[in-house]
Amino acid sequence: MHRRLRHGLSAAVLSAAVVFGAGAAVAASYPLERTELQRWSFSGYFGRFDQAQLQRGFQVYREVCASCHSLNFIAFRHLGNEGGPHFGEEEVKALAAEYIVTDGPDEFGDLFERDGKPFDTFPAPFPNDQAAAAANGGAVPPDLSVMAKARAAPRHIAWMPVDMLTAYQEAGADYLYALLTGYEDPPPGTEVTDGTYYNPYFLAGKALAMSAPLSDGIVTYDDGSPETVDQYARDVSAFLMWTAEPHLMERKRIGFQVIVFLVVFAGLLYLTKKKVWADTAH
Amino acid sequence: MSAESTYQPKSGFGRWMEARLPIMGLVHDSFVVYPTPRNLNYLWAFGAILTMMLVLQILTGIVLAMHYIPDAAMAFASIEHIMRDVNYGWLLRYLHANGASMFFVAVYIHMARSMYYGSYKEPREVLWILGVIIFLLMIATAFMGYVLPWGQMSFWAATVITNLFSAIPLFGEGITTWLWGGFAVDSPTLNRFYSLHYLLPFMIVGVVVLHVWALHVVGQNNPLGIEVRSKQDTVRFTPHATVKDVFASVVFLVVLAWLMFYLPNFLGHPDNYIPANSLQTPAHIVPEWYFLPFYAILRAIPDKLMGVIALFASIGILAFLPWLDTSRVRSARFRPLYFWFFWIFMIVVVGLGYLGAQTPEGGFLLAARLLTAYYFAHFLIILPIIGLIERPRPLPSSIAESVLASSGGEAGEAAPAE
Ligand code: HEM
């Protein structure tokens with residue numbers, strides 16, 4: 001429904017955009033290509049995460065992205081939360097135990113290694129930014145915990161009323177999907193520096209230091225979902241939306257209750273007000 | 001407040017207390033029998049709404065402060081801790097952040113109301129100036145609050161704004177170093193901003209008390225802009241004004257709830273979810289939306305020092321409004337010229353807000369300069385002149401007469417204040 005609303009209004013918005021944008025300078029501005037909006041299960045007023053999708057997205061993170069990107073704010077136990085991937089308690093324990101974490105100091109003052117526990121956060125792939133940069137041609141792969149809120153598909157200001165009415169808060173997921181699926185050969189005449197890869201959706205330039213991380217079949221799904229770049233990108237973007245906004249479902253649920261309560265309360269107050277003012281001209 | 005209280009305590013304890021500290025009498029006189037013009041519209045509910053928002057900000061702020069860590073290495077992570085692991089921490093934080101935005105929505109409506117109905121004119125000059133002081137304190141509070149999450153925008157906004165002080169001749173550099181507590185924005189800066197962010201809201205409470213005191217001495221203005229003449233013109237504060245204020249506050253809360261539950265990051269900048277990094281300047285440093293008109297004015301002026309002066313002047317000039325407006329008629333309803341200039345001014349401010357978010361070059365810069373010039377001209381040229389040349393429409397002789405005429409007279413008896 002939101003989609004249709006958006007499309008219906010797009011003509012009006014586009015003409016407004018032309019008027020507004022007329023004065024804008026057209027120097028090299030990034031991104032080169034505007035992000036297309038995707039359909040997400042968690043968008044809109046009643047959006048919910050798709051648990052199976054979050055689990056698949058986690059698998060993509062773990063098998064592909066985790067070799068370069070940390071997820072510092074996420075503990076294994078979070079993966080068991082309702083409103084998230086919702087893995088079972090045993091699954092979470094087993095999962096954490098697959099990782100080795102450094103702990104200590106022990107009573108002799110030495111650091112030691114042990115199996116991961118649910119309360120541990122994801123171990124980062126590199127000990128520090130310098131090591132990360134050295135391994136990635138000078139660019140540090142950023143932490144992905146809040147990435148879905150730290151980037152946004154650029155939107156023209158003329159969309160503001162539509163975006164507000166449709167409660168559009170998925171600009172981050174839209175961007176991640178566009179970035180992950182958007183790699184292509186640079187058009188003829190476009191030079192790209194060595195060690196960077198052309199991607200017209202990248203916000204900060206025409207190319208970034210991450211090569212296309214996904215390719216068809218790179219992750220094996222056991223629920224029969226398509227093993228395509230498109231599906232991987234969708235799933236991992238949804239997963240990163242959850243890591244950035246772990247209480248999204250609770251938020252929308254409580255918000256609905258609060259608003260219903262306030263509207264009813266306001267209605268009663270309005271009737272009271274009418275009664276109080278009934279014989280007072282104003 | 002100067003008159004004898006009519007309050008009659010009902011209980012023995014009440015009488016005992018009243019003879020020692022007449023606080024219930026004060027409340028009774030100020031919020032129960034206080035006479036309020038009977039023709040107020042909902043724009044007069046924003047005072048109550050602002051009070052509610054101030055209390056809400058303080059309450060959510062105090063709980064956030066129990067979990068927040070003002071240290072450059074830990075601030076960002078402590079916010080994420082609040083968002084993830086503190087019980088309803090996400091709710092508190094979104095309420096506080098969006099509450100700040102809605103606080104400004106309310107204060108701008110409140111100020112525009114005062115301008116439209118000429119509420120700043122004699123005898124309400126001090127009341128108005130106290131309002132301008134509250135606005136200044138709110139700006140300082142919100143600015144320092146925005147620094148606390150220690151994201152990229154926090155850090156760079158702090159850097160840009162504190163750097164403005166370096167434009168001061170001679171002492172500039174010294175003052176910025178002193179503000180920073182070092183040679184750049186860093187932990188000491190964050191720490192003092194946090195301390196002040198906690199302090200200033202309580203100073204706002206203090207000035208709000210003075211503001212309400214001044215209000216209750218001179219009485220409320222009203223949409224007609226004429227003084228209250230008799231008891232027929234007023235109604236008792238409780239229940240008449242109270243029920244309207246509570247109704248309007250709840251409607252306002254619906255909007256706040258919608259924002260914080262469904263668009264919690266809509267008004268924020270995505271870059272503020274990137275931890276502060278002094279080595280990486282964001283492509284566009286933009287303040288929160290409620291500062292954009294002033295930011296546009298700052299950047300419209302080519303000279304740094306003059307820009308800073310224009311920035312402060314654009315807010316400071318508000319304090320002189322009672323004397324810049326030469327018309328003796330308050331309400332824009334009876335001022336055919338001012339009516340239009342009021343709305344042009346509103347459009348100019350919104351336009352400046354739009355330009356504040358754009359890169360200041362080319363057409364945008366030119367537009368920002370024109371609108372900045374207009375902003376000051378509104379106060380310094382237009383208001384003084386139209387007050388002299390305008391021919392106001394005839395004013396009704398009293399509030400009661402006007403109200404009864406428009407309601408067809410059949411509503412009969414007024415409910416006079418006791
Ligand atoms: C005039 C009232 C106030 C205003 C306008 C205000 C405004 C703000 C703003 C704009 C932020 C940044 C929000 C964000 O992006 O996260 C903030 C954060 C914060 N404020 Fe306030 N505030 C007020 C009162 C208070 C009070 C009274 C306290 C403490 C007693 C407080 C404590 C905090 C804390 C701990 C943060 C950091 C947490 C966060 O960023 O969400 N605030 N405030």
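Six donors around a metal count as octahedral if opposite donors are over 155 degrees apart and all others between 65 and 115, where donors are N, O and S atoms within 2.8 Å of the metal (3.2 Å for Na, K and Ca), with water not among the atoms, so sites may look incomplete. This is a predicted model, in which local features need pLDDT of at least 70 and side-chain atom pairs count only at pLDDT 80 or more, while totals for chains, interfaces and linings use all residues. Residues are numbered from 1 along each chain as its sequence is written, chains are lettered from A and ligands numbered from 1 in the order in which they are written, and side-chain values use heavy atoms, without hydrogens and water.

Select the iron atom of the ligand: its site is octahedral, with angles of 83 to 179° among its 6 donor atoms. Next, select His96(B) and His197(B), whose NE2 atoms coordinate the iron at 2.0 Å. His96(B) lies in helix α5 (residues 89-116) of chain B and His197(B) in helix α9 (residues 187-218) of chain B, 101 residues apart; helices are DSSP runs (H or I, at least four residues), numbered from the N terminus. His96(B) has 17% relative accessibility and therefore counts as buried, a term for under 20% relative accessible area (1.4 Å probe, protein chains only).

Now follow α5(B) to helix α14 (residues 336-356) of chain B, where the two pack at about 160° with axes 11 Å apart; axes are lines fitted to C-alpha atoms over the stretch in contact, and angles run from 0 to 180 degrees between N-to-C directions. α5(B) is therefore roughly antiparallel to α14(B), a label for angles over 145 degrees.

Definitions and conventions: Tetrahedral: all angles 85-135°; square planar, octahedral: opposite > 155°, others 65-115°. Buried < 20%, exposed > 50% of the residue type's maximum accessible area, 1.4 Å probe, protein only. Parallel < 35°, antiparallel > 145°, perpendicular 65-115°, else oblique.
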